[in-house]
Amino acid sequence: MTPIPPRDTDIAPIAAGSFPEGFLWGAATSSYQIEGGVHLDGRGPSIWDTFCRVPGAIVDGSDGSVAVSHRSRMPHDVALMARLGIGAYRFSIAWPRVQPLGSGQVSASGLDFYSQLVDQLLTAGIVPVATLYHWDLPQALEDRGGWPARDTAKRFGDYAEIVGSVLGDRVARWSTVNEPWCSAMLGYGSGVHAPGRTEPAAAVAAAHHLLLAHGFGVDALRATVSAPEPEIGITLNPYPVVPVGDEEADHDAARRVDGIANRIWYDSVLRGSYPDDVLDDIGAVSDLDHIHDGDLAQIARPIDMMGLNYYRRHHVRHLPGASASPSPWPGSPDVEVVDPGRPVTDLLWAIEPDGLVDAVVALHRDYDPPPLYVHENGAAFADVVAPDGRVHDADRVEFLDGHVRACAEAIAAGVDLRGYFAWSFLDNFEWAEGYRKRFGIVHVDYETQERTPKDSALWYSELIRRQTGG
Ligand code: FCB
């Protein structure tokens, strides 16, 4: 295998020794965003296949039916990861590829695809990190109520057991659910993600059932994973929240957003309770009948790690009537998200690496969490292939460098942070944004499916080589 030669950049290398021994240097993707092959393996439709057909739901009118053809190109993609020296790969498993209807019948070839992926990774010396749910709910389960229905959490437990039984001899590291805030609040609250429902009470019930699914998933994985030193947990997306304005109402807006973005997940998973103030806030839209005795004990099953996906902070202020459409903060339609006036990515997300330090230091200080991983971090920029055939994404190199330095800072402050995963290994289907926003460290030509490592991939490769003494 030919390693890819390093490239010169203007950025000073991060000091060797800034990261503990065994720190995982990874890259991440998710099934619907890269796989394509939606009819292979007898795969059933997911809520994203359905949502993409809704006129106007996806900015460029696209869908994930082809995506970057990873279902067919997987061996080639793993070989490219190996050439770049990537140490760990966080991927997700498509529930409808394993169980086309979300319950009952299992697709042997669907499971076999993931089994082969794991074997190829292990052969290449890359640590597999599996996520069971990254948003592609089988449509058949949505037809029976989706995440607002309690039964979906039970079905997830069965699915976790099926996957754990097949991959658990080789995969030690597992995340149950990716960013449940997005699934619940964007999927059922603001409706900008699948299944596109705008029902605040349903969003609140979905959040609870996603957490319950996590708890059932932890039990199922504990019972089936036999690989040594299992690390089972969940992946959340913290947003440090900053009040804009000095009014008491602005601080209260920040408290409410922090409650739904961060504390509701941390408190339930790590302490087995929901914060009282958040229950009061969401009580405005829900009778909370979906919370049954014993649920919080199930949600708070001990975990071995927590994954955090960090992209940006939220700067917020109180503004009555701010949400023209239903809010992703149920019970808080009067909160405006404000642009802090810092440089932004192609998605207009403000670039604030210090927010990553805030997020992990606050979690470490307030919750005594298990070991932490940054499971996703990255940026969309308008990349172009230059005449020399390369993608000179200096802005992404700077972004990633700043955030890797933030990880080093958090570690120096005492946080037990054990890995960093760049989002994303490949350009891909960026949900409601379609293919226009490119997050990959590897460029994909969507016509030819040709992969070209961007300068950021070469920079990352060199960083890993230096940090691991390779
Ligand atoms: C995260 C998602 C991931 C990707 C990035 C940009 O919220 O987990 O799939 O879309 O954002």
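Helices here are DSSP runs of H or I with at least four residues, strands are runs of E with at least two, and both are numbered from the N terminus. By that rule, His375 sits in strand β10.

Quick ground rules. This is a predicted model: local features need pLDDT of at least 70, side-chain atom pairs count only at pLDDT 80 or more, and totals for chains, interfaces and linings use all residues. Residues are numbered from 1 along each chain as its sequence is written, and side-chain values use heavy atoms, with hydrogens and water left out.

Stay with His375. Is His375 buried or exposed? Buried, at 2% relative accessibility. The cut-offs: buried is under 20% relative accessible area, exposed is over 50%, and partly exposed is in between, with a 1.4 Å probe and protein chains only. Contact means heavy atoms within 4.5 Å. Leaving aside residues up to four places away in sequence, His375 touches Ala28, Arg90, Val129, Ser175 and Thr235, and also Met305, Gly307, Leu308, Asn309 and Phe421.

Asp401 belongs to helix α14, residues 394-412. Its relative accessible area is 8%, so Asp401 is buried. Beyond four places in sequence, Asp401 touches Ile11, Ala12, Ile14 and Trp459. Asp401 and Gly85 are 316 residues apart in sequence, and C-alpha to C-alpha they are 17 Å apart in space.

Then Ala227. Ala227 is in the loop between α9 and β5 (231-236). Ala227 counts as buried because its relative accessibility is 5%. With residues up to four places away not counted, Ala227 touches Gly168, Asp169, Arg170, Val171 and Ala172. From Ala227 to Arg173 is 54 residues in sequence and 8.9 Å in space, C-alpha to C-alpha.

The method runs on a 1 Å grid over the protein atoms alone. A cavity is a set of points where a 1.4 Å probe fits but cannot get out. A pocket is an open set with protein on both sides within 12 Å along at least five of seven lines. Lining residues have an atom within 4 Å of a point. Grid points are joined across faces, edges and corners, and a volume is the space filled by probe spheres set on the points.

How many cavities of 30 Å³ or more does the structure hold? There are 7. The largest cavity holds about 70 Å³. Its lining is Ile47, Trp48, Tyr133, Trp135, Trp147, Cys182, Ser183, Tyr188, His193, Ala194 and Pro195. Helices α2 (47-51) and α8 (180-186) each supply at least two of the lining residues. For classes, Ala, Val, Leu, Ile, Met, Phe, Trp, Tyr, Cys and Pro count as nonpolar, Asp, Glu, Lys and Arg as charged, and the others, Gly among them, as polar. On that count the largest cavity is lined by 9 nonpolar, 2 polar and no charged residues.

Now the largest pocket: about 1000 Å³. It has 45 lining residues, and Leu186, Tyr239, Arg312, His314 and Trp349 are the closest to its centre. Elements α8, β8 (314-318) and β9 (335-337) each give two or more residues to that lining.

Backbone geometry. Two cis peptide bonds to flag. One joins Ala194 and Pro195, with omega about 5°. Pro195 is in the loop between α8 and α9, and Pro195 also lines the largest cavity. Another joins Trp423 and Ser424, again with omega about 5°. Ser424 is in the loop between β11 (417-423) and β12 (442-444).

Glu179 has phi near 45°. Glu179 is in the loop between β4 (173-178) and α8, and is buried at 6% relative accessible area. Asp368 has phi near 50°. Its loop runs between α13 (353-367) and β10. Asp368 is exposed, at 68%.

Last item: a helix pair. Axes are lines fitted to C-alpha atoms, for helices over the stretch in contact, and angles run from 0 to 180 degrees between N-to-C directions. Helix α9 (residues 200-224) packs on helix α10 (residues 248-271) at about 35°, with axes 11 Å apart. Ala207, Leu211 and His214 of α9 meet Ile264, Trp265, Ser268 and Val269 of α10. That contact comprises 5 nonpolar, 2 polar and no charged residues.
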